[in-house]
Amino acid sequence: MRSHGGEVCFPGGKQDDEDEGDDVRTAMREAHEEVGLHPKFIDGIARMETLESKHSLCVTPIIALVQPSSVAEPSQLQLNADEVEAAFAVPLHYFADPDNCHAIEKVKWSGNDFLLRTYLYDDPESGRQFRIWGLTAHVAHLVATKAFCKK
């Protein structure tokens, strides 16, 4: 998205009429459009609570299982150059380990305290370092802590 240029994020975007109001359908369509991940390989397993982004957009994360997992490897994806600069994979457990969090800042968001996490991930495949922060880091951290029963 133009509003998120240069930032790390999950595939996603605005719901279209063809999605018929279905958040899972939207997520699957967007994953296909942005990174070429075909819906036949995706099994939606959970719909997370809707969150508000820094741009006041409503974001509903969808958790899915990709089978076989090899189709989601960065080297297997077909990136839409108009929307995606690069793709990389981070093991989910990375976000459950507090030692991997580069910074945590307590901020006020919509009248509540919010922990703004920043992760710096050194991707062994590309040799690049990626800064994962904001809503993307928040969602990854939530999923990881639930998946691995961490606090």
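Biologist: Which residues make up the largest nonpolar core?

Modeller: A nonpolar core is a set of buried Ala, Val, Leu, Ile, Met, Phe, Trp, Tyr and Cys residues joined through side-chain atoms within 4.5 Å, where buried means under 20% relative accessible area, exposed over 50% and partly exposed in between, with a 1.4 Å probe and protein chains only. The largest such core has 12 residues in all, namely Val-8, Tyr-94, Phe-95, Ala-96, Cys-101, Tyr-119, Tyr-121, Phe-130, Ile-132, Ala-137, Ala-140 and Ala-144.

Biologist: Which element gives the most to this core?

Modeller: Helices (H or I, at least four residues) and strands (E, at least two) are DSSP runs, numbered from the N terminus. Two or more core residues come from each of β6 (112-122), β7 (129-133) and α2 (134-147). The most, three residues, are given by α2.

Modeller: Before we go on, please note that this is a predicted model, in which local features need pLDDT of at least 70 and side-chain atom pairs count only at pLDDT 80 or more, while totals for chains, interfaces and linings use all residues. Residues are numbered from 1 along each chain as its sequence is written, and side-chain values use heavy atoms, with hydrogens and water left out.

Biologist: Leaving aside its neighbours within four places in sequence, with which residues is Ala-140 in contact?

Modeller: Contact means heavy atoms within 4.5 Å. With neighbours within four places in sequence set aside, the contacts of Ala-140 are Phe-10, Leu-92 and Phe-95.

Biologist: Is Glu-20, with its positive phi, buried or exposed?

Modeller: Glu-20 is a residue other than glycine, yet its phi is positive, near 50°. Its place is in the segment before α1 (23-35). Because its relative accessibility is 64%, Glu-20 counts as exposed.

Biologist: How many disulfides does a search of the whole structure find, and is Cys-101 buried or exposed?

Modeller: A disulfide is a pair of cysteine sulfur atoms within 2.5 Å, and the search of the whole structure finds zero. For Cys-101, the nearest cysteine sulfur is that of Cys-9, 19 Å away. Since its relative accessibility is 15%, Cys-101 counts as buried.
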